[in-house]
Amino acid sequence: MSARFIALFAFLSACCFSGFAKLPEYTLHLWTVEDRLPDSPVLDIAQDSSGYLWMVSRNRLIRFNGEEFLSIPIPEEARLACGEFRGVFCERNDQIWVFGEKGLIRFAKNAWSPALIGNAEESDVGKILGLYETEQGCLYAYAERGILIGQSKTKDAAPRFTALPCPVPSDDRATMGALTGAALDRHGRLWITAWNGLAEFTDGKFDEKRVHLPDFLVEAVTGVCAGNSGRLWVYGPNGVAYCENDIWTPIGFPPNAGMATVMTEVSDGSLWIGNSTGLFRWQNNVWQSVASQDVPGSLSINSLIEDSDGTLWAACEGGLLRIRPKVVQELKTESSASGNSAYSLWRQPDNTAWIGYKERAVHVKADGGLLQTIYLGIDVPISAILQDPEGRVWLGTLGAGLFMQQHNKLFTIPQNDYSLPQIHTIYSLTQDPKLGLLVGTHQGLLRVNAQRELEPCVLYGNQVNGPIRAMIREDDGRFTLCGDAFGILRIAPDGGKTQLGEAAGLRGSPRTMYREGDRFWLGTTSGLFCLLADQLVPIPLPTEISNNSILQISEDGNQRLWLGTTEGLQCVEIQDLLAGLKSAPQKKEQMPRFLQLGVSDGLPGKRCLGGIAPGQGKNDGNIWFPNEGGIAVVNPKEVAFSKRLPVVLFESIAVEEKPVAFEQNRLLLIPPGARDISFTFIALAPGIPETVRYRYRLEGGHREWSPIQRERTVKFEWLPPGDYTLRIRAESGGIWNHAGENDAVCTFVVGAYFWQTLPFYLTVSLLFAGLVAWIARKLLSHRYQLQMAVLKREEALSEERARISRDIHDDLGNGLSVIATLSELAQNDVESESAHKRLDQIYEVANGLARNVDEIVWAVNPANDGWDAFVSYFEQYTEYFLGSSGLRFRIIRPDSLTGKNIAAKARHHLLLATREAVGNVLKHAEATQVKITMTVEENGTILSVRVQDDGKGFSLEKKAGVGHDGLENMGRRMRLAGGTISIQSKPGEGTCVEFRVPLENDTNA
C-alpha cells in the first residue's frame, strides 16, 4: 500500500473525530422480542412499494407496519427449498423474495413458490447473497460464484432463473474469485465485488476489464454500495472509498471501530455503515458513531435501509432498530439540574434564560453555559420566574410562596395582611409600570407593594379573585387574565371589564395564553380557543389533542403556533387556524393540520409543563419549552410538514370476529345477517406511527366524516342489507390527504335474506296494498250495506206504514162503511123485525174491526218481536178461529225457539197467511181435525209453519174459480214477508200448507 494513501487515511481519520459535536443527533428505538418482535436476530430488512417493512430471522418472515409485527406462515416444503433464511427482497410488484442456504422462494398472493434454476448441473453458483431489480423490471440474484437472471414475471407462474457463472480471467490479479457484494447504480449498472476486485455486469454479461481500485483496497473488497448522489462506494478490511467522476477517494474508518459489514447512502448524501460494534455515519469528511447514543450496549448490524419517509432501519442481532434525526434538542446545561423536570422559563433579550427547576433556578446561555444558580433551600418547584428591569429575579413556587433574589441575596416576600389565607401557590408573574409586579395566585391577583409585601391588587377598580393561570398586559394598559373560576377576564384602564366563560363557549379550565397581533390564543384543559374582538371561537382539534391540556403556546417566525401539551409538542399553521375560524365548526375538511412531536423526535420527556411566560418561548429563532425531562429546544427551520401523502391499506376484515378473505380495492361480499363487522387498517408510516391519525366515511350509511381518531379499527355492530363503500383517510406528518387518492377504499355488499330483498319488499308492498284495498273495499261495502240496510229499513218502514195505512183503509174503513150502512138500514127498519138482524150484523162487523185493530197493533209493537210473544199470540189467535168451529186442532211448538226474533213484517204476514189457511180449512176442506206445527230449520234461521188437515183435498192442477183467491193471497203475503209457501194436496188425502219465513239474529247477539 502506498505511503501517500496511508498518510491521507490517517489525516482524514484524525480530522473526522474533531467535529463530532457539530454533527446532528439521532433518536434510536430498538424493538426486541420483549416488544412482541416474533424472533431475533433480524438478519435482513426491506420495504415494499406499499410501505410495509419485511424482515427475516433464521426461520421466520416478519411484516411490520410500524406498530405491529406479523409472522407470515411458511409451509414446510418452502422451508426445505430455501433452507435457513439469510435475506429478503421486495420486488416493485409486491412480490416478496426470501433467500437462504439452499435456494430462493417467492411469496405472492399469500402463496409460496420455490424458484427454479435452469442448467442446474452447470450452474452451481453457490449461496445466494442478495437480489436487485432494474428499472426495466429485470430481477437479478447474485450468488457466491455467479448471477441468477430472472425469466418469469408472471405472479402465478413458477419463478425461473438462468444461472450465469462469473468468468475467470487469466490475470490472477483480476480473477474475481468468490463474490462478496453487488450494487445497482442509478444508471442500471450492476457492480459486483469479490475478494480481489470490482467488475461491472451490463447487458447480461460481465465486463472483464478490471476496475482500478485504490492500492489499499486491492485484494480486499468485501462490499459495494451505489448511492443516488452518483458515488460508488466500496469497503473492505482496510477502509472505505468512493468513486466520483472516475476518481477514487479513500475516507478511512474510525479507529477501533472494526471492519464495515453493511453500507448504504441515504437521501441527504451521508454514508451509513454498520458492523458488529454498531452504527457509523460519514458526511463532509467527518465520522460519527451513533449506535450507542440512546440504546444501551453495542449493536451488531446485519442490514441497513432507508425507507420512503427517510427513516433509517437496521436489522440487528438484538432486533429491529429505527434511527431518526432529532428534531427536538435538549438543552444541555452545565448545571446538575440539567435533565430534571423544568417547570418555568424566562428568556432575556441578551439570549440568556432563567430556568426554574425544583429547589433551584439557573441562569444559562443559549448554548447551555451556566451563568448563575439560585438555591431556594426548599424542595418545591419554581412554577413562575421573571427578571425585572432592575435586575431582580422573582421566583414563584408551588407550595412556598414568592421569593426575590437581588445582589446575590434571596428574600422571601411576605403578606402584609396575615388575617388573609396564606398564599403559597404562584402560577404567573408579570410587570406593570405603575402597579409593579403582579402575581397570579390560587387566591386571586396580588401585587408586591413598595415594602416588598404581597397585598391584594385592585386593577383599575376591580379586584380579581380565584386562581389566575396567566396574564398579559397590552400596550394600551388593558389586562387579559385567564383563570379557573372566571374563564377569561379583560379589564380596561377605564375600569370596564369583559368576562368570557362557559356561556361564551369556553370549555375546560384555562391554562395559558399567547397574543399574536390583535388575536389571543387560549389553551385550556379541553382545547384551543381564539379570542378576537371580545369573541371566543373554539378551534377544531383532533381528538388526541383536545383530550390533552394545552399548557404552553408560542409562535415561530414561519407563522406557526407551537403547543406544549401533556402528550408532547404540536405545531400548526396559523393560516390553517384562521381558515378554521371562517368555516363552520362541523365542516371536517377544514380541520387544521397538526404536526406532532414526541419522544421519538428528541423531546426529553413526554409531558410539557407550564410556567412559560406569554411570548417568552422564542428569542434567537429557537423555541424553548419546559418539559418533564428538561428544556426542549426546537429550531423551526428544521421542522417541516410532511410532503408525502399517507397511503392507507386495509389489513384485516372480520365478521363476528372471524377473518374474511379480501383483496384491496375488490368488491367484498358479506353474508346476510352479519353482525360486528370490523375493518382494521394502517397508514404505512413505520418511522412515525405515533403521528398518524384517521377518519372514515361510510357511503351508503354515514355520509359525514367521522371524528379524527388514533385507533386503526372501525366496527359496525350491524348494517342493513345494501351496497356500501368504506373510505379511510389518514394524516401523517401534519398533512391530510384531502384529495383522497391514497385513501383505503373497500366496497362491500351486505347480503340480504329473501325477506330483505327488493322483490320481497315489492311483493309485500303489493300484498299490503291489495290488503288495504280489500279492507277499504270491505269497509266501503260494509258502509254501503249499512246505508242499504238503512234504506231498506226506511223502505220497510214506509212499506209497513203503507200496509198499516192499507189495513186501516181496507179493514177499518170498509168496516166502518159497512157499520154506517147497516146503522142507516137499521134506523130505517127500527119498527120492523129486521132491525135486530141489522144490529147483529153491526156487532159482528164491529167485533171484526176490533180484531183487525188488535192485529195491526200487535204487528207493529216492538215488544212482540220475541218468539214467546209471537207464539202466544199465534196460539191465542188460532184458538179463536178454531175454538167454535167444532174441529179438533193441535198446535206444536219446540222450546228451542226461545230467543229468536221475528220481524214485524214477517210476523204480520205469517199470521194472516196462517189465518187464511185455517179459514180455507173451515170453509172448504170438510175436515175433522187440523194440526199446526212450528219448527226451526237450517240452524235456526228459518221458521216453518205447517197447517195440515184431513179434509177432502183438491187438485193442484185445477185452477181456482172466481172468488177463490186465498192461495194467491197467501203466496203474496209470503213474498212480502221474504218467505216461501208450499202446498201439498190430493183429492181425498187432505191438504198440507207450509209457510217458511226467515228469522232475525239472536236478541243477545
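Predicted model: local features only at pLDDT ≥ 70, side-chain atom pairs only at ≥ 80, totals over all residues.
Local features here need pLDDT of at least 70, side-chain atom pairs count only at pLDDT 80 or more, and totals for chains, interfaces and linings use all residues. Residues are numbered from 1 along each chain as its sequence is written, and side-chain values use heavy atoms, with hydrogens and water left out.

**Stop one: N462.** Select N462 and you land in strand 44, residues 462-463 (strands are DSSP runs of E, at least two residues, and helices are runs of H or I, at least four, both numbered from the N terminus). N462 counts as buried because its relative accessibility is 12% (buried is under 20% relative accessible area, exposed over 50%, partly exposed in between, with a 1.4 Å probe and protein chains only). Now show the side chain of N462: one of its polar atoms sits 3.1 Å from the backbone oxygen of Y460. The side chain also reaches the backbone oxygen of G495, at 3.2 Å.

**Stop two: M263.** Jump to strand 23, residues 262-265, to find M263. With 10% relative accessibility, M263 is buried too. Leaving aside neighbours within four places in sequence, its contacts (heavy atoms within 4.5 Å) include W233, Y235, L271 and W272.

**Stop three: L771.** Finish in helix 5, residues 758-828, where L771 is found. L771 is partly exposed, at 43% relative accessible area.

Notes. Polar contact = N/O pair within 3.5 Å; in protein donor to acceptor, adjacent residues only side chain to side chain.
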